[in-house]
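This briefing is for a reader who is meeting the structure for the first time.

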Amino acid sequence: MSLFSAVEMAPRDPILGLNEQYNADTNPNKVNLGVGVYFDDNGKLPLLQCVQAAEKTMMATPTARGYLPIDGIVAYDNAVKALVFGAESDVVKSGRVSTVQAIGGTGGLKIGADFLKKVSPNAKVLISDPSWENHRAIFVNAGFEVSSYAYYDAEKRGVNFDGMLASLNAAAAGTIVVLHACCHNPTGYDITDAQWDQVIAVVKAKSLTAFLDMAYQGFGHGIAEDGAVIGKFVAAGLNIFVSTSFSKSFSLYGERVGALSVVASDKEEASRVLSQLKIAIRTNYSNPPIHGGAVVAAVLNNPELRAQWEQELAEMRVRIKAMRQKLVDSLKAAGVKQDMSFITTQIGMFSYSGLTKDQMVRLRSEFGVYGTDTGRMCVAALNSKNIDYVCASIAKV
Ligand code: PLP
């Protein structure tokens with residue numbers, strides 16, 4: 001008998017499974033809207049100019065690759081702090097933020113989850129319904145019981161905000177609430193500024209722990225605009241967690257560049273928190289890789305490259321918005337009677353299209369248009385060449 005004879009086959013990752021199906025599809029018109037990746041108007045994954053410039057400079061003075069400190073590149077961690085909280089913010093200047101480099105946004109979530117398991121071992125975790133699927137898995141694997149708070153209202157095509165508040169109000173003190181800081185994945189619906197104020201008030205009143213996942217800073221309304229929600233939590237005097245991902249905003253998916261920031265009550269507390277975050281890192285993967293973090297630090301800390309990055313990120317954001325509008329217009333032109341203008345009120349890379357599972361299956365099998373069964377489509381994978389075909393296909397289902 002083999003050691004592994006009782007090992008069960010794990011379910012396939014739904015998105016990666018979709019990719020495999022897409023790759024095997026021989027339809028010459030096939031379009032992959034299942035991914036969570038930004039493609040340019042030529043359908044190519046961009047390599048940002050600012051990244052190329054930073055890499056060129058780095059290549060000019062080759063350096064040896066020793067181990068990084070456990071918490072990563074200091075210049076990187078400081079740049080993340082400045083980006084997320086503001087370089088001149090009181091919270092950063094007073095030393096209350098502990099930031100560690102992490103292996104993508106996923107790594108930031110995992111390190112935060114492991115640390116939280118030590119701080120609040122009996123806490124429950126709430127994620128949005130629906131959410132990025134890995135939220136649940138990450139917190140379950142860290143040992144937490146995970147359930148969800150109300151979020152999406154399919155009928156209203158928007159956020160069930162009353163339901164969300166009711167879920168949060170009903171949560172026990174100490175509950176960890178995972179919130180999408182901007183560009184909600186998968187629905188594309190964010191809550192308003194005024195609604196954030198209400199969420200913060202409940203988090204505070206009920207002593208909940210907010211864990212803000214910021215995987216799309218700059219993809220919504222702008223870098224500062226998208227990050228403003230963090231300032232609101234800080235202003236409320238809350239101890240919060242923020243995971244950052246540069247996968248999308250720098251188009252550095254495979255470099256695994258992210259971070260975790262934790263806001264403590266004072267500098268001394270922050271240093272104790274940092275010491276524990278380092279234990280979580282040390283026991284997971286010892287210390288982070290160099291290249292991606294060095295590139296992002298070089299760009300964020302150099303005024304010219306930073307300006308270039310902001311420009312390139314703005315181009316991505318603007319292109320997605322244009323695709324949303326084009327989607328609405330072309331669907332109408334293709335004969336779709338239903339009002340699809342809700343697509344332009346959504347934000348970020350994704351759209352919950354409102355299409356049913358059956359329609360999504362037909363789109364795949366009959367037209368080679370791939371989105372998830374939930375009706376999620378990646379607007380950032382649409383371009384001027386494929387959008388008419390996608391709209392004509394949607395109109396037919
Ligand atoms: N959080 C959300 C909401 C995401 O959509 C993603 C990626 O799709 C991540 C976190 C993970 O980002 P990363 O690829 O940097 O680990």
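In this predicted model, the axes of helix α8 and helix α9 (residues 223–235) come within 10 Å of each other and cross at roughly 35°. The crossing of α8 and α9 is right-handed. On the α8 side the contact is made by W196, D197 and I200, and on the α9 side by V229, K232 and F233. By class, the residues of this contact of α8 with α9 divide into four nonpolar, no polar and two charged.

**Helix α8 and helix α7**

- Helix α8 (residues 193–205) also packs with helix α7 (residues 161–170), at an angle of about 15° and with the axes 10 Å apart.
- Angles under 35 degrees count as roughly parallel, and α7 and α8 are therefore roughly parallel to each other.
- The crossing in which α7 passes α8 is right-handed.
- From α7, the residues F161, L165, L168 and N169 meet Q195, Q198, V199 and V202 of α8.
- The contact of α7 with α8 has five nonpolar and three polar residues, and no charged ones.

**Helix α2 and helix α11**

- Helix α2 (residues 49–60) and helix α11 (residues 291–300) have axes that come within 9 Å and cross at roughly 105°.
- That angle makes α2 roughly perpendicular to α11, since the range for this class is 65 to 115 degrees.
- α2 brings C50, V51, A54, E55, T57 and M58 to the contact, and α11 brings A294, V295, A298 and V299.
- Sorted by class, the residues of the contact of α2 with α11 are eight nonpolar, one polar and one charged.

**Helix α14 and its buried side**

- In helix α14 (residues 387–396), the buried residues are V390, C391, S393 and I394.
- These residues cover an arc of only 160° around the axis, which puts them on the same side of α14.

**V100 in strand β2**

- V100 lies in strand β2 (residues 97–103).
- V100 counts as buried because it has 28 C-beta neighbours inside 10 Å, where 20 or more are needed.
- Leaving aside neighbours within four places in sequence, V100 is in contact with D71, G72, D77, I111, A259, L260, L277 and I281.
- The C-alpha atoms of V100 and L274 are separated by 7.9 Å, although the two residues are 174 residues apart along the chain.

**V159 in strand β6**

- Strand β6 (residues 158–159) holds V159.
- With 20 C-beta neighbours inside 10 Å, V159 counts as buried.
- V159 and T192 are 33 residues apart along the chain, and their C-alpha atoms are separated by 9.9 Å.

**Backbone geometry in the loops**

- Most residues other than glycine have a negative phi, and most peptide bonds are trans.
- The peptide bond from D129 to P130 is cis, with omega near 0°.
- P130 is placed in the loop between β3 (124–129) and α6 (133–141).
- N185 and P186 are also joined by a cis peptide bond, with omega about 20°.
- The loop that holds P186 runs between β7 (176–180) and α8.
- S251, a residue other than glycine, has a positive phi, near 50°.
- S251 is found in the loop between β9 (241–245) and β10 (257–263), and S251 is buried, with 21 other C-beta atoms within 10 Å.
- R256 is likewise a residue other than glycine with a positive phi, near 60°.
- The position of R256 is in the loop between β9 and β10, and R256 counts as buried, with 20 C-beta neighbours inside 10 Å.

Conventions: Residues numbered from 1 in each chain as written. Predicted model: local features only at pLDDT ≥ 70, side-chain atom pairs only at ≥ 80, totals over all residues. Buried ≥ 20, exposed ≤ 12 C-beta atoms within 10 Å, placed from the backbone. Helix = DSSP H or I, 4+ residues; strand = E, 2+ residues; numbered from the N terminus. Arc of directions from axis to C-beta. Axes fitted to C-alpha atoms, helices over the stretch in contact; angles between N-to-C directions. Parallel < 35°, antiparallel > 145°, perpendicular 65-115°, else oblique. Left-handed = near helix turned anticlockwise from the far one by under 90°. Contact = placed C-beta atoms within 7 Å. Nonpolar A, V, L, I, M, F, W, Y, C, P; charged D, E, K, R; others polar.
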